[in-house]
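I record each look-up in turn.

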Amino acid sequence: MAMSGVDLPPVRPQTSLQRPGFLRRLMADYGQELIVLLAIVVLFVAVTAVNPRFISANNLTSIFSGNAYIAVAAIGMAMVIITGNIDVSIGALIGVLATISGTLAVAGYPIWVAWFFPVLVGMAINGLIGILVAYFRIPSIVVTLGALSILRGGLISVTGGTWISDLPPAFLIAQQKWLGLPVPLVAMIVLTVLAALWMRYSAFGRSLYAVGGNPEAAVATGIPIERRIVAVFILNGFFAGLATILFATQLQVIQSTVPPNLELTIIMAAVIGGVSILGGSGTVIGSTLAAILFATIGSALIFVNVSAYWLRAVIGLLILATVLADMLRRRRTV
Amino acid sequence: MSADTPFVTLSGVSKAFAGVKVLKDVSFDVRAGEVHALLGENGAGKSTLIKILSGLYTPDGGTITVDGRQMKLTSPRDATAAGIATVYQELLLFPELSVAENIFLGHYPRTSSGAIDWSAVRSRARDLLDQLDTRELDVDTKVLTLSVAQRQRVEIAKALSRDAKILIMDEPTASLVEADVQRLMGIVRQLRERGVGIVYVSHRLPEIFALADRVTVLRDGAHVATRDIGEVDERQLVSLMVGRPIDSLFPKVEAAIGDTVLQVDGLNRGRQVRDISFSLRKGEILGIAGLVGSGRTELALTLFGMTPATSGTVVLDGKPVAIRSPRQARDLGIAYVPEDRGLQGLVKPMAIRKNISMATIDRLSSGIFIRAAQEARRATEAVKRLGVRCRSIGQPVGELSGGNQQKVVIAKWLETSPKVLILDEPTRGVDVGAKAEIHTIMGELVRQGVAILMISSELPEVLGMSDRVLVMAGGRIMEELSREEATPERVGAAMTAHKEAA
Amino acid sequence: MTLRSFIRHETFLAILLVLALFVLSWQSDRFFTVANLLNQGRLMTETGLIAIAMTFVIATGGIDLSVGSILGLTAILTGVFWKNLGVPLPAAAVAAIAVGTFAGYVNGLIITRFRVPALIATLATLALYRGLAEGVSQARSVRGYPDWFYVLGQGEVLGVPTQLWILLIAAVVAAVILAYTRWGRTTYAIGSNEVAARFSGLSVEGTKLALYTMSGFAAAVAAVIFVSRVSTTRSDMGSGIELDAITAVVLGGTSIFGGRGTVLGTVLGLCLIQALKNGLSLAGVKGDGTIMLIGIVLILAVLASAIFERSGTR
């Protein structure tokens, strides 16, 4: 994992091999990411023109920090989808882990235990999901649908819907700053960059693309598909755990619910960021950018006075449009 | 030119699937720097042998010796480590990844810190492709944009990148146009010069005579012979493959040939069906010869309405028709027994009865209900008529042997009472006995006045069964030959005489 | 898989159901009463209608996750058409059902025309339709329906809850269609081997389109019954119902990979789940505990059928 001295996106050496059209290649490799980035920029410019308060420090903090946990969870989700699987239980998982985290913090366990024990729980639960998917060949959609209701039902029946309050101030890391920047923002950037480097420069990361792109060929290349699938779900649990830290420490209280359709937002962040829903391609940079785009859209709709009631409909429409565009793009190239 | 000690030796290798022996006590070896051709009919055991060599299957018995040491190849990884690489017919690449990454996936060059060294990946991929005279291919393009021939070269580069001592090529020219075939043969010769041993699987005898040093023939899972190429001629090889002289294989039934049923003029669809014109008469078997990718199947799919024609006319029984869907083709009296029985022909978990009625299920319904008794009666009759060997008509089709499965597909389409029956590879993967039975059925049908359009990769079958032969290449009909004119040489020449260099 | 294995699975389910009924009636004397059983039937009608349509969808190898949102949207529209637009209630309900059916048709179009995997397509429309429901409702609920409307969801016909008759008729019709007609045959053929179905001249796209439309229709009808049963409409109605329906279908022996399944199995699965839910609540477990139970039952059911399938074929 030592990757010092490499930048993102990878700068290819300017040798005689270099063919003209570096830009073209950048477009080919990171086309979807650039489009999402462009959309964010355009949106910022447009909404600021209508309502300059949009780029106030306060709003920027709420856009980036308040949604960083979605981006972090989307990193793991992107990896899962790259292998051709899906996890619809992630929203419920984050809710469960947040409750565990808060309960530990209030019960007086050391802060770091309250932060990181849920991460281990997330990895364990997802490891189990991975085993059911990889070794028992149950489609990931079914397993995670089941896990969704177990986690959601379990959470409500255990907590009874009560909120956890009186959290120790030191626990609320999402409210703190690091080098003058909100911790969630820093965490989002650092995790995205590390994960992106790892997905690009480690053989393990590349093998995930192989598993999703052509499982049969992956077997012939000697890649142990089952172990990779279990591993990718454990990783997904890891990122869900880290996302939980950012989510649970945002406010003075922890509710026993997560935002509605959280799993959908996370899945769609990965897909809109360029991860093919059929597996085999995409990057975690794209998923983070898409998560930021969602947050920006959410905030922008409020700033241009779209009724909050229509927010989800607009986002739903956007999601559908992107899925259709993705499919059309794919059909053209194949 | 070949060193005499074998690099890889299989001795007494056997393999069975679900109790069926597909390889019986086969011995085979490859030397460094030789091209060893592997020949045999479909189902002879070639692909099982290849998969054992490449570590995908573990043999039930026998030994494998590589470079003097006996070893077990239990996974593709083992085979790769032993210096054996395989270029499969259905190329195993990752379409969304770049050419360079496909070549080095699984064994990337690393930097000192252990990260993948992408600049080395790209430059070494460039070197390998240059060695294969493939300078035009950009290492950064995604594989999904490449042609079949280009993908094949990527596979070969991949094998070289792993320092393969033995390269197995499974029907490498099956879907190549002639210019690419020549280029590939050049590459194979060059690899041989470098001391790579090549196992070359192909049906095309001219290629084998042009390339191979030795040839091994398999039949019904058993080793028949291994000869130096100089010791044998084409005739001998064929009779080794089929186990008897070809002439006796195809009992041509003389049927009265009647009026024209189907008249096709200037039919076009995409790049694979170009300006096709021919006619077909009652009681006639019209053979279509051509390489895979020559447009044979595409022509059939267009006539069947799967991929409707973009221009041209089809006249059926004197009436011009436009065929837009398989359902419509069926109603017009055109039936198509597809190439890929398992994927396109059958619903394997379903009963024989339901498969036989599948194309006529609407006709078997009164009101909304399926007339089950009538369905069963018709299926029973069809099974009897075609000699499908099964426990009952309720047995799932997937449990039958290849030949009996094929008879079920034919039965399904005979239920539609077709005027024109298109048979695409009617005897592929079918054992010799069932093959003869299917040929007899064809004879029976033409005698009843059905017109048959038969596509086959097996030249002896085309020549033996057809009244006339159309030869296709590059989506066009290159030649139309009468039964007398159709000699192997003439058809073979037309098949590869692709007028447009790709 | 032959007919014999279907029968075996359903016999097994039936025995399990009888066993569950036996244990539950022994546990609580309030369970095995006509009133309670009929009331349970009332409660499972909405899920039941959706599950019956879902049986067809899953038998083709597809899935429809958007049914809960279609239910919510239809429920809201019924209320809004009637109260806010002043449309007579019967017409409002019919119009809302038409919209719900159209929502199913849109699913079908996305899946057949654009070739989007059913999972992703209906996941996206799950968000869209629920969003529309929220947008239309503006978080207001509609109440105060005329008394006659409650006959559907709270009344009885011949001593049996009205909606249970609807479920019964739907189940019988669906069972007959799936087992004895060419549409049923086509459904199985698509689920087992879509390519071969197409090569046999069957209308693959048309059938799928019809099935997703039917799924939308079933969810829409369930919505009106739901509104009538609970006397109010809210935009979050029916969320999570897709899970109950899928669980019933899969528990009923329909393969998630398609090609196999019966309506009878689905109905048995439905009854079993409802019995367990009821038993748990009588035993004092709160409503959310039963959500957990459904998840566990779903995973175990698929696990069992995955193991069974692997040992059964090849």
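I take helices (H or I, at least four residues) and strands (E, at least two) as DSSP runs, numbered from the N terminus. The model is predicted, and I required pLDDT of at least 70 for local features and 80 or more for side-chain atom pairs, while totals for chains, interfaces and linings use all residues. Residues are numbered from 1 along each chain as its sequence is written, and chains are lettered from A, with ligands numbered from 1, in the order in which they are written.

Entry 1, helix α13 of chain B. I then sorted its residues by burial, counting other C-beta atoms, placed from the backbone, within 10 Å of a residue's own: 20 or more is buried, 12 or fewer exposed, and in between partly exposed. E375(B), A379(B), A382(B), V383(B) and L386(B) are the buried ones. They lie on the same side of α13(B), because their arc around the axis is only 100 degrees (taken from the directions from the helix axis to the C-beta atoms). A373(B) and K384(B), on the other side, are exposed.

I used axes fitted to C-alpha atoms, for helices over the stretch in contact, with angles from 0 to 180 degrees between N-to-C directions. Angles under 35 degrees count as roughly parallel, over 145 as roughly antiparallel, 65 to 115 as roughly perpendicular and the rest as oblique. Helices α2 (residues 34-59) and α10 (residues 204-230) of chain C pack with axes 8 Å apart at about 175 degrees, and α2(C) is therefore roughly antiparallel to α10(C). Their contact has 16 nonpolar, two polar and three charged residues. Here Ala, Val, Leu, Ile, Met, Phe, Trp, Tyr, Cys and Pro are nonpolar, Asp, Glu, Lys and Arg charged, and the others, Gly among them, polar.

The axes of α3 (residues 67-84) and α11 (residues 241-251) of chain C come within 7 Å and cross at roughly 130 degrees, so α3(C) is oblique to α11(C). V67(C), G68(C) and L71(C) meet I241(C), E242(C) and A245(C) there; contact requires C-beta atoms, placed from the backbone, within 7 Å.

I found 34 residues of chain A in contact with 35 of chain C. On the chain A side, α5(A) gives the largest share, 14 residues.

Terms used: Contact = placed C-beta atoms within 7 Å.
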